[in-house]
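Please examine the sequence and the structure shown below. The paragraphs that follow lead through the helices, the core, the charged pairs and some individual positions.

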Amino acid sequence: MAIQVHPMTGVKLNDIVIKRKRLTFDDAVTAHILRHQGETFTDVVQRLGTNANRVGEVFRGKEHPESATVALGLLTK
């Protein structure tokens with residue numbers, strides 16, 4: 001992928017390849033794994049292509065509460 005530059009300011013822009021309005025169970029497990037692997041909250045949000053509210057719901061256990069246990073199980077195999 002070529003680096004995009006804003007035509008008026010010349011600021012380099014990241015490509016947005018994936019946009020998710022909601023997170024599936026597998027997305028939630030992945031979020032927990034990324035966090036355990038040292039990713040920042042912001043990086044998890046960006047890598048999953050969603051907004052901070054969706055990831056926050058997962059980390060607080062409001063959405064897919066069992067995903068944290070599954071993620072930990074995958075990490076300790």
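Helices here are DSSP runs of H or I with at least four residues, strands are runs of E with at least two, and both are numbered from the N terminus. The model is a predicted one, in which local features need pLDDT of at least 70 and side-chain atom pairs count only at pLDDT 80 or more, while totals for chains, interfaces and linings use all residues. Residues are numbered from 1 along each chain as its sequence is written, and side-chain values use heavy atoms, with hydrogens and water left out.

With a relative accessible area of 0%, Ser67 is buried; the term buried applies under 20% relative accessible area, exposed applies over 50%, and partly exposed covers the range in between (1.4 Å probe, protein chains only). The side chain of Ser67 reaches the backbone oxygen of His64 at 2.6 Å. This is a polar contact, that is, a pair of N or O atoms within 3.5 Å; within protein, one atom must be able to donate a hydrogen and the other to accept it, and residues adjacent in sequence count only if both atoms are side-chain atoms. Leaving aside residues up to four places away in sequence, Ser67 touches Phe25, Ala28, Val29, His32 and Val58, where contact means heavy atoms within 4.5 Å.

Attention now turns to the nonpolar interior. A nonpolar core is a set of buried Ala, Val, Leu, Ile, Met, Phe, Trp, Tyr and Cys residues joined through side-chain atoms within 4.5 Å. The largest such core has nine residues in all: Leu23, Ala28, Ala31, Leu34, Val44, Val45, Leu48, Val55 and Val58. Helices α1 (25-36), α2 (41-48) and α3 each supply at least two residues of this core. Ala31 touches Val44, Leu48 and Phe59, again not counting residues up to four places away in sequence.

How many salt bridges does the structure hold? There are three, a salt bridge being a side-chain nitrogen of Lys or Arg within 4 Å of a carboxyl oxygen of Asp or Glu. One of them joins the side chains of Asp27 and Arg20 at 3.5 Å, N to O. Asp27 is buried at 12% relative accessibility, whereas Arg20 is partly exposed at 25%. Another links Arg47 with Glu39, whose closest N and O atoms are 2.8 Å apart. Here Arg47 counts as exposed, at 53% relative accessibility, and Glu39 is buried, at 18%. A further salt bridge brings together the side chains of Arg54 and Glu57 at 3.1 Å, N to O. Both residues lie in helix α3 (residues 52-60), three residues apart, about one turn of the helix. Arg54 is partly exposed, with a relative accessible area of 22%, and Glu57 is buried at 15%.

Two exposed positions complete the account. Lys62 lies in the loop between α3 and α4 and counts as exposed because its relative accessibility is 58%. The C-alpha atoms of Lys62 and Lys12, which are 50 residues apart along the chain, are separated by 36 Å. Thr76 is found in the segment after α4 and, at 61% relative accessibility, counts as exposed. Thr76 and Glu39 are 37 residues apart in sequence and 18 Å apart in space, C-alpha to C-alpha.
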